[in-house]
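Please look through the structure shown below and keep it at hand while reading the report that follows.

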Amino acid sequence: MNSHVSVPGQTGAIIADTPLADAVVRLENVKRHFGDTPALDGVSLTVRKGEILGIIGRSGAGKSTLIRCLNGLERPESGAIFVEGRQIIGLSERELQPFRRRIGMIFQHFNLLSAKTVEENVALPLKIEGRPRAERLNRARELLDLVGLSDKAKAYPSSLSGGQKQRVGIARALAARPALLLSDEATSALDPETTRSILALLKDINRKLGLTILLITHEMEVVRSIGDRVAVIDAGKIVEEGPVWSVFADPQTDITKSLLAGIRPQLPAHIADALSPEPGGEAVLGVDLAGAAAQGTLLAELPRPFRLLHGGVDHVQDQAVARLYLAVPAVPAGAVQTFIQFLEARSARVEVLGYVTGHA
Amino acid sequence: MSPVMLDLLVQSIWETLVMTGASGLISLAAGLPLGLALVATDRGGIAPNPWVNSVLGAVINAFRSVPFIILLVALIPVTRLIVGTSIGTWAAIVPLSIGATPYYARIAEVSLREVDRGLIEAVRAMGGNRWAIIREVLVPEALPGIVAGFTVTLVTLIGASAMAGAIGAGGLGDLAIRYGYQRFETSIMIAVVIVLIVLVCGIQWVGDRLVKRLDHRI
């Protein structure tokens, strides 16, 4: 696994040795197979109190199995899962029930009960807990207020839009005052605008209530907009993990790079097609910059002339993250090397993608 | 139609309503739990148990494959044990209920099976036990289908109750055979057919209205 531990302003030790008391959920070497194919192949992960942790991966990577292990809907074959410090593997269905009440969950297809009104849906976790009716309805009203749907209390879910349904889902997940909110592709069935409003609501709840959120998604944009940390899962393994901005600035694995492809500037196709591995003409460089380097006057200080082919600066978790594509003349010999050394001295990460001749 | 005939007709309507109503309620009370048991014990259900599931399925199939007129006669000892007699309206309720229960169990099973598994998972994720899943998800979400199936069962029971005349249960079917058919009282035959049509239409209408009111799925 690639850990982004050397983060400016944070020492590696803090991340590596998270105190147990700070962990809402901790997984140790969790394994789960379906037939011969491993869905989870030794996953270790800590969800820390108050953070928004995104787990991203392609479909079939094991995301759903992972999230369902946390509330015991799926039972791993080996490993350990601690919820608020207590091991839940090996517990019976009945023993798991109190733990599940500490974990709220929202779903891609909302999973609201069609036969119940909005407020009955929100109050359901409390009904299951056996709370009195008056308390349930009070809490439901309070939560509908929080998600901005007070006027829909008596409506049935079928009359709501997708975004409204997910707001009800969020209110319902919060009803029993959980320690952790699991989000299972909660925005994947929504249009981009609604997705933004739901993500803003989740971030708001995270800030206001200090609620820990673990969200799984296949969309990097979701992690980018509200995640604090991200773990990339592929073929049942966590292959990369770290603060979101750091993973964006310096992705280590091919899978992370390909997941990032949609939201990071990519080399335009006609240039990529013209690339040749043979030195000559101009060298095409991919440059990653983060933090101060991305916001400084670096481009003006570069030692040799260059062409800016493509690129941009993005802001992730209030950190500037830049991806630039530069073309640098390959003559005289050693010119490209000088150029790269200059950039690397200013903590840029540079890769030579190939060479182009003529006007690519 | 003479006043005597009218009295006979009214009494027959009453007998049919008693037989259909009582056996309908019994088959609802017994068939719904059976339908729930079939869905719950199935593979991937909330209480999977292949052994119970296949035994239950086999028993239900066995009862469903016996023609009702045979069941009526074959169950005479059972009827005598429960009601004390094997003749009359109340005696007919026993075979009618036993015949309709497996029928209704299958109809309820189909509705319960159609409940979105995601909803069951949502309630499990909230810490709900099996009883909570049945009470909050399976039954309420399948209710429109459960009611529609009950309507179908009642209509079927009206038809089956005509055969119960064979054990002296009375009712509209019995009246039609003894007076309308055997004594060539055409007016009785017509009257019975009209009453049956009105009865069936009425039950279906009430059932449909109820389903529409209960269904919030779209």
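In chain A, 71% of the contacts with a separation of 6 or more are made by residues 24 or more positions apart. This report describes a predicted model, and the values given here are computed from it. Chain A is 360 residues in length, and 52% of these residues count as buried.

## Make-up and surface of chain A

The secondary structure of chain A consists of 14 helices and 15 strands, and along the principal axes the C-alpha atoms of this chain fill a box of roughly 80 × 45 × 40 Å. The accessible surface of chain A comes to about 15,700 Å², and carbon and sulfur atoms hold 50% of that area. Chain A carries 41 positive and 40 negative side chains, and the centres of these two sets lie 7 Å apart.

## The two domains of chain A

Chain A is divided into domain 1, which takes in residues 2-102 + 178-260, and domain 2, which takes in residues 269-356. The contact between them involves 10 residues from domain 1 of chain A and 9 residues from domain 2 of chain A.

On the side of domain 1 of chain A, the residues A:R224, A:W245 and A:A249 supply 63% of the area buried against domain 2 of chain A, which is more than any other three residues supply.

## Make-up of chain B

What kinds of element, helices or strands, are there in chain B? Chain B has 9 helices and 0 strands, and from the N terminus on its elements run α-α-α-α-α-α-α-α-α. The C-alpha atoms of chain B fill a box of roughly 65 × 40 × 25 Å along the principal axes.

Chain B contains 218 residues, of which buried residues make up 46%. When contacts in chain B between residues at least 6 apart in sequence are considered, 74% of them join residues at least 24 apart.

Chain B exposes about 11,000 Å², and carbon and sulfur atoms supply 70% of this area.

Terms used:
Residues numbered from 1 in each chain as written. Chains lettered and ligands numbered in written order. Heavy atoms only, no water. Helix = DSSP H or I, 4+ residues; strand = E, 2+ residues; numbered from the N terminus. Buried < 20%, exposed > 50% of the residue type's maximum accessible area, 1.4 Å probe, protein only. Contact = heavy atoms within 4.5 Å. Areas by Shrake-Rupley, 256 points an atom, 1.4 Å probe, with all protein chains shown as cover. Domains from an automatic or database assignment. Buried area = accessible area lost by both parts, 1.4 Å probe. Lys, Arg positive; Asp, Glu negative; His and termini not counted. Charge placed at Lys NZ, Arg CZ, Asp CG, Glu CD.
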